[in-house]
Amino acid sequence: MIDEYWEFADDFLTLTDIDLSCYNKPQVLRRLTAFRQKQRIDSLPQLLEALKSDPALVKECLDRLTINVTEFFRDREYWQVFKDNVSLLATKRLPLRFWSAGCASGEEPYSLAYMLINMLPRACWMIEASDFSNRALVAAQEGIYNSKAFKNLTEEEVLLFFNSLGNDLYQVKKSLRQCVNFFRHNLFTDPYPTNLDVALCRNVIIYFTEKAKKRFFTGIAEALNPGGLLFLGGSEQIITPSVYGLERVDVYIYKKG
Ligand SMILES: C[S@@+](CC[C@H](N)C(=O)[O-])C[C@H]1O[C@@H](n2cnc3c(N)ncnc32)[C@H](O)[C@@H]1O
């Protein structure tokens with residue numbers, strides 16, 4: 001019997017350009033089931049039929065599948081270690097080119113911009129940030145959040161980061177927004193940027209299959225300049241970094257040899 005999940009995945013790829021075979025199947029199935037139940041759709045084949053005739057439903061389904069949860073300075077203790085490693089790199093080479101891959105609604109690249117503004121002259125660094133979710137990218141470019149986003153920030157940082165818009169809405173200051181160039185990028189299908197000095201890809205690959213993770217590590221290692229850094233998320237690690245020409249410099253930080 002043909003597995004209806006893989007039939008769904010095949011057609012889903014045609015509909016969306018998202019390759020579900022690169023993601024952990026039980027996690028995807030759990031989210032698809034929750035989505036189906038909310039939509040009162042009984043089975044995967046029926047969901048597929050509904051998606052084929054309803055672009056708005058495709059969009060909703062994608063939003064349900066991609067976890068966009070993020071924070072300013074997520075896991076702040078690691079950001080200090082990251083900053084120390086970036087400082088060291090900056091003594092050897094400038095300017096530095098950063099890429100925040102899987103940036104969700106922008107908190108990560110804006111945290112990076114804030115860190116760098118307080119560290120190095122503006123001409124010494126550039127930040128690109130990407131995600132495959134259009135919805136996330138629109139939110140990231142707007143840079144508007146509510147006060148729940150202040151969780152990891154001091155009062156002083158909140159004042160330096162945002163302009164209040166009223167109604168508990170705050171927009172990242174233009175001077176910070178101008179530091180980040182956002183673009184759509186699918187880590188499975190699009191070519192990676194080249195000549196990177198620092199890549200942040202945090203809490204993205206946890207959902208990938210082992211095969212997809214290997215492809216990502218190969219691609220990102222190629223994209224980095226010698227001595228370049230990769231900053232992963234709090235539950236992500238590379239078991240054998242040397243296979244990719246990387247070495248572990250700290251818990252979630254790897255360096256290209
Ligand atoms: C949990 S968020 C992580 C956000 C941020 N990096 C952080 O650590 O807070 C994961 C993001 O990865 C994005 N993502 C998942 N698969 C992707 C892919 N194949 N290509 C690009 N982005 C992807 C999702 O859209 C989502 O915004």
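I began at one pair of residues and found that Gly-166 stands opposite Leu-169 in β5. The model I am reading is predicted, with local features needing pLDDT of at least 70 and side-chain atom pairs counting only at pLDDT 80 or more, while totals for chains, interfaces and linings use all residues. Residues are numbered from 1 along each chain as its sequence is written.

I then looked up the strands around that pair, strands being DSSP runs of E of at least two residues and helices runs of H or I of at least four, both numbered from the N terminus. β4 and β5 (residues 169–172) pair in the antiparallel sense over 4 bridges, where pairing requires that DSSP finds at least two bridges between two strands. They belong to an open sheet of 3 strands, ordered β3-β5-β4 with antiparallel pairing. Its edge strands, each pairing on one side only, are β3 (144–146) and β4 (162–166).

Next I turned to the open sheet of 7 strands, which has mixed pairing and the order β6-β2-β1-β7-β8-β10-β9. At its edges I noted β6 (180–184) and β9 (246–250), each of which pairs on one side only. Within this sheet I followed β1 (residues 96–101), which runs parallel to β7 (residues 196–201) and is joined to β7 by 3 bridges. I also noted that Phe-98 has Val-198 as its bridge partner in β7.

Last I checked the ligand and counted 23 residues surrounding it, the closest being Thr-70, Gly-102, Ala-104, Leu-187 and Arg-202; a residue is near the ligand if its C-beta atom, placed from the backbone, lies within 6 Å of it.
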